[in-house]
Amino acid sequence: MSETNYLTTDYTLRSWFLTTDHKRIAILYFASLIFFFFIGGAAATVIRIELATPQGDLVSSDTYNRLFTMHGIIMVWFFLIPSIPNTLGNFIVPLMIGARDLAFPRLNLMSWYIFMLGGCTTLFAIFAGGIDTGWTFYTPFSTLYSNSYVILAAAGVFIAGFSSILTGLNFIVSIHRLRAPGLTWYRLPLFLWSLYATSVILVLATPVLAITLLLIATERFFGVGIFDPRIGGDPLLFQHLFWFYSHPAVYIMILPGMGVINELISCFSRKEVFGYKFVAWASLAIAAVGFLVWGHHMFVSGQSLVASLVFSFMSFIVAVPSAIKVFNWTATLHKGLLRFDAPMLYALGFIGLFTIGGLTGLFLACLAYDVHATDTYFVVAHFHYIMVGGMVTAYFGGLHYWWPKITGRLYSEHWARAAAVLIFFGFNLTFFPQFILGAEGMPRRYHIYPPEFQVWNVLSSGGAAILALAYLMPLFYLGYSAFFGPRAPANPWDAPGLEWQTSSPPPEHNFATQPVVTRKPYQYNRNFQAEPQNA
Amino acid sequence: MPERAAFAPQYASVPHRDNTAELGMWVFIATEVLLFGGLILAYFVYRHAFLQGFAEGSRHTDIVIGTTNTAVLLTSSFLVAWAVEVFSPDTARLSAWLLTGAACLGLFFIVLKGIEYSKEYDEHLVPGVDFQFAGPLANGVQLFFIFYFVATAIHALHMLIGICLLTTLAAICRKAPTARHHTALHSAALYWHFVDVVWIFLFALIYLPGRSSS
Amino acid sequence: MWRQWIPFWQPGLSPQSGDVDLLFAGLLIASAVVLGLLFFLLTLFCVRYRSGNQTDREHRVAKSWHWEVGWTAASLVGFLGLFVWGASVYFEMYKTPADELDVFVVAKQWMWKTQHPGGQAEINALHVPVKRPVRLVMASQDVIHSFFIPALRLKHDVVPGRYQDLEIEVDRPGQYHLFCAEYCGTDHSGMIGEIVAMEPADFSNWLAQQAPSSPLAAEGGALFRELGCSGCHGNGSKVRAPPLEGVYGRPVPLSDGSTVIADDKYIRDSILLPRSQIVASYEPLMPSFEGKVSEDQLLRLVMYIKSLAGRSS
């Protein structure tokens, strides 16, 4: 490369840690997230080794309880929620809308520092002795009975919440105000519709988590009984407040993945996404209806029958837009020209695994069956199918797809496909047996269990070993590619999006001149060649 | 070294930058609505369960200070609105004075709040710090005061941030105001007005239950 | 029963668990059909339309109202059908129990204590007779627990500060797992018990063979005197307190004009929060016993007061 790009403008540490370039901030997040992923993954490894035997022989009960809490907190707040939005989103959103940066670049940098402050606070809580309440912090255990670092861990999550809010704010404002000329809403790539919906949730739901965590910290610190039944407080109020955030939060943890899949399916079918408007509005519908289903986590808690009926009904409704998307993606493949590069393998894996996760969500939305399945491994399997089988798979797919754009290098397709297949296989072996465990009644958060559950646990742990290996593979071949891979052209996949109409890697300010958009996204001509959005 | 541009490269013009910043502030205010909204929801749940306790607790709040504080905040918002209205690089000194006035009123609010807190401490109405309340309504009164302290403390924190914003802008207005500061002023004013609106809700929920004429 | 005419229906261990299993089977079949269709189409398209395969790719369609409305409507109808099915079985499971055999369950970190009305107490176990509804009255001593019997496909959280009713009925003798299904601290995994269902004759024998102990109501009577309740509520007291003979299960007029039925919860609240509901025409004089009496003791007092129901004041 003869010209400078955003990576080569300046090599000093200061230029990285005080950058306001959205692309460098994306890389800062990417590095942090790899770190947190491995910490959360280490906890999972110990958990799965322990669960291979019915006795509690590897770790004590207190340690085990801290491990699954740590796994949940780190993976949810310090890996999954920021994953696609803060890495791929930060990098790609301005490019996709034809802008030179996000609306508020300094806020973007501050967002990363706040995230790191929150992460360090939580890590400090963990290494000081840990927290054993589960990532759900249920009262009165967390407020009155736990002898662990609840306030510190809650503080870490509280701080990280500000990072989420600022990211969402930046995306909403940027998508509204910084679109290139000619880029109308219906010409936006669907990745942006998904990120927009995600950002709405980030901005509206996270403050409720903030106030909830503040209330439990206040209760613990000042010894006041907000959720204490002995002075008339209601432990169920905590659950309502907590899930009012945490259910929309799980849509934060899938919508961006769905957004990525649109890009992958269309590029590797050489075809526009089927039913663009339906998919776009389905994203917004998921965000909106997702605020109305939180009580499905509380069917057996003692909430009223009417409440349970309403929440069950709404939970079935929220499944409809997701179903629409799956059908639309499948229809996109019809009469396409399909290529099975690694991103496409991830996209296809996503469709399968997300569908299984989503269908099992119907089991849980169903009142009578949820009574049996809630708080068992059935739920654990369900959400891992969606969060890991869905979101993490999509993340890897997007990472491989945009790798040439981000790094200016090509990765080894041979190794990437092998990893994708191994991830798919290892994932299913790890989590499918957990559906069986749950249906047979094994409760969650148990490390000592009756021996008849062992066979499925052993299969699951075996799968986890394979999955761990599979997740390590990209570290090596992507790492190698970043430094030694062949140089990538501007548009290695021949895709029509705006991000591909600038060099790989992009220059510091993204475009030499601002593109003017003349076309809908995902347009390919009769010979399956891309028709760029700004031609 | 090129001159510092009037606007960052992702913007097309100054008005573009300005109305983007304003949208940003509105989105931020939406998040704050949800923050206080969650707290107020919890309040309503407990008020429904402890109707008499909340009414009794409310009767132990100092409505004189509460009303005075409301008047103080409304006046300060008026001054801020006036400051935004008259702002231009030429009349900036007037804006600076108005902003300073509003910030001082904000500080006065905090002082009054502090006096009110210490009175409540003397009356053993601070949950967690030697709370004592005789009678069957003690649980409801305690929950009321937990809400009272949490809500007003969070509100006071927002006030302090707002006071810092107003003071900083007042200083800029006195020294070297440019047209670009109009947007900053406008956004800060939006924030200040929002904090004021939150107070109006809190005033109604804290000082008025149990004090109706019946 | 009429249910035996439904294909695939197997009677479960309780009157409703067969219905839950049928629902599960239905969900499984529906999911398998959808997934099967999806995998079939994905595989078909991946094979037929792979790059390098010459096939007809003309007349590509990018949108279709017919397909969209079609599969949206189909999803909606299918999902709503599942909702109605699940809700109807749910109603059956959680219907308000009739007053049959009562058993009291206290959940505490980290054990289940169950108590039969005759005073027989068990730890981490519950003996019940088969084919008879048993009404569990559950309370938690500390944090939220959850009473889960996988064999019956039934669970309910036990939340501190309230009583939770749950009706169970086991139709076949045997031993079944009892788990705590809500994380409750260090030994959450250890809060495992067993439900032992026995033929009625065996159950009576078992009850008789338990270590002699007084019935819960009698122990409650003793507590009633020890804690000083009879000082105001007994005969010859100088303090005017509402009489408790015959109060259980009957309506009680309150000072604010409303009426409440004196059930278990009312009795418990009257002991812990006596001034939250004052009986009409009485002074709010009763002291609170919050912190002075445990859930075990509260259950015995409730049983005692219930035993006074036969007498009139």
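Guide: One term before we start: the radius of gyration is taken over C-alpha atoms, and the globule rule is 2.2 Å times the number of residues to the power 0.38. Also, this is a predicted model, where local features need pLDDT of at least 70, side-chain atom pairs count only at pLDDT 80 or more, and totals for chains, interfaces and linings use all residues. Residues are numbered from 1 along each chain as its sequence is written, while chains are lettered from A and ligands numbered from 1 in the order in which they are written.

Visitor: What radius of gyration does chain C have?
Guide: For 313 residues, a compact globule would come out near 20 Å. The C-alpha trace of chain C spans about 100 × 50 × 45 Å along its principal axes. The radius of gyration of chain C is 27 Å.

Visitor: How many helices and strands are there in chain C?
Guide: Here helices (H or I, at least four residues) and strands (E, at least two) are DSSP runs, numbered from the N terminus. On that basis, chain C comes to seven helices and twelve strands.

Visitor: What share of chain C counts as buried?
Guide: A residue is buried if 20 or more other C-beta atoms lie within 10 Å of its own, exposed if 12 or fewer, and partly exposed in between, with C-beta atoms placed from the backbone. Of the 313 residues of chain C, the buried share is 36%.

Visitor: Is Lys131(C) buried or partly exposed?
Guide: Lys131(C) has a positive phi of about 55° although it is not a glycine, and it lies in the loop between strand E4 (125-129) and strand E5 (134-140) of chain C. Because 15 other C-beta atoms are within 10 Å, Lys131(C) is partly exposed.

Visitor: Is Tyr522(A) buried or exposed?
Guide: Tyr522(A) is not a glycine, yet its phi is positive, about 60°. You'll find Tyr522(A) in the segment after helix H16 (454-484) of chain A. With 26 other C-beta atoms within 10 Å, Tyr522(A) is therefore buried.

Visitor: Which residues is Pro496(A) in contact with, leaving aside its neighbours within four places in sequence?
Guide: Pro496(A) is in the segment after H16 of chain A, and its C-alpha atom is 5.0 Å from that of Ala530(A), 34 residues apart along the chain. Two residues are in contact if their C-beta atoms, placed from the backbone, lie within 7 Å. The partners of Pro496(A) are Pro521(A), Tyr522(A), Gln523(A), Ala530(A), Glu531(A), Pro532(A) and Gln533(A).

Visitor: How many residues of chain C come from H2(C) on the side that touches chain A?
Guide: In total, 64 residues of chain C are in contact with 65 residues of chain A. Helix H1 (17-48), helix H2 (65-93), strand E6 (145-149), strand E7 (154-158) and strand E9 (174-180) of chain C each supply at least two residues of that side. The largest share comes from H2(C), with 15 residues.

Visitor: How does H12(A) run relative to H1(C)?
Guide: Axes are lines fitted to C-alpha atoms, for helices over the stretch in contact, and angles run from 0 to 180 degrees between N-to-C directions. Helix H12 (residues 342-365) of chain A packs against H1(C) at an angle of about 165°, with the axes 10 Å apart. Angles under 35 degrees count as roughly parallel, over 145 as roughly antiparallel, 65 to 115 as roughly perpendicular and the rest as oblique. So H12(A) and H1(C) are roughly antiparallel.

Visitor: Which residues of H1(C) make that contact with H12(A)?
Guide: On the H12(A) side, the residues include Leu348(A), Ile351(A) and Phe363(A). Those of H1(C) are Leu27(C), Ser31(C), Val34(C), Leu35(C), Leu38(C), Phe39(C) and Leu42(C).
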